[in-house]
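I opened the notebook on this model to look up its pocket and some helix packing. My entries follow.

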Amino acid sequence: MIFKELIVTLLIALQVYSGTNMVELDQIMNTNPALIEMYQAALLQRESTGNYLAKHNPSVIEDYATGKPIKVQALGGYGILDINFPKWAKQAGLTDFSMEDGDWKDPKVQDAVARYKIQEYFNKYNSWDLVSIAWFAGPGKSNEFVKNGTINFQEEDANGVDIQAYVD
């Protein structure tokens with residue numbers, strides 16, 4: 001949808017503004033902080049239209065460690081799963097993070113956690129599409145794409161959004 005188009009438009013504008021020639025889009029998509037910020041802004045709009053207090057509909061997923069179904073809820077502006085928030089916050093250097101204290105509601109915390117994870121995913125996959133797949137469907141799906149060259153893009157989340165629609 002608009003998510004990918006927004007990022008591409010912003011990247012083109014950045015190239016025009018900076019006076020460089022755009023040889024190939026993939027070559028300019030690096031870990032430049034401005035690109036991370038643009039992707040992050042687009043992600044915030046895609047996930048919650050900028051609502052840092054969003055609580056997405058709970059859903060049931062398969063627990064990565066046990067293989068059993070677990071109930072999860074995506075929270076905040078970036079739709080970070082409640083089960084991931086504490087771990088990701090710690091990875092981002094937020095050692096005093098607490099779900100119980102409502103730290104997930106702080107926009108600065110959400111921005112820091114999202115920025116860290118976006119950077120991590122980009123460093124691993126070197127592709128904005130694969131970052132989007134990892135964010136939406138989990139890094140296992142991005143790993144599957146890297147390994148097999150494809151995934152089931154029609155696989156849907158609990159809200160009926162499929163991977164392809166999210167990436168687009």
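Predicted model: local features only at pLDDT ≥ 70, side-chain atom pairs only at ≥ 80, totals over all residues.

Entry: I looked up the largest pocket and found a volume of about 1500 Å³. Its lining has 44 residues, and the closest to the centre are Ile61, Leu81, Phe136, Ala137 and Gly138. Which helix gives the most to the lining? I found helix H7, residues 139-148, with five residues.

**Entry: H5 and H7.** I turned to the partners of H7. Helix H5 spans residues 107-125, and its axis comes within 12 Å of that of H7. The two axes cross at roughly 15 degrees. Angles under 35 degrees count as roughly parallel, so H5 is roughly parallel to H7. I logged the crossing of H5 and H7 as right-handed. On the H5 side, Tyr121, Lys124 and Tyr125 make the contact; on the H7 side, Pro139, Ser142, Asn143 and Val146 do. I counted four nonpolar, two polar and one charged residues in this contact.

**Entry: H6 and H7.** Helix H6 covers residues 128-137, and its axis lies 6 Å from that of H7. I read an angle of about 140 degrees, which makes H6 oblique to H7. Leu130, Ile133, Ala134 and Ala137 of H6 meet Pro139, Lys141, Ser142, Phe145 and Val146 of H7. By class, I logged seven nonpolar, one polar and one charged for the contact of H6 with H7.

Definitions and conventions:
Residues numbered from 1 in each chain as written. Heavy atoms only, no water. 1 Å grid on protein atoms, 1.4 Å probe; cavity = no way out; pocket = protein on both sides within 12 Å on 5 of 7 lines; lining within 4 Å. Points joined across faces, edges and corners; volume = space filled by probe spheres on them. Helix = DSSP H or I, 4+ residues; strand = E, 2+ residues; numbered from the N terminus. Axes fitted to C-alpha atoms, helices over the stretch in contact; angles between N-to-C directions. Parallel < 35°, antiparallel > 145°, perpendicular 65-115°, else oblique. Left-handed = near helix turned anticlockwise from the far one by under 90°. Contact = heavy atoms within 4.5 Å. Nonpolar A, V, L, I, M, F, W, Y, C, P; charged D, E, K, R; others polar.
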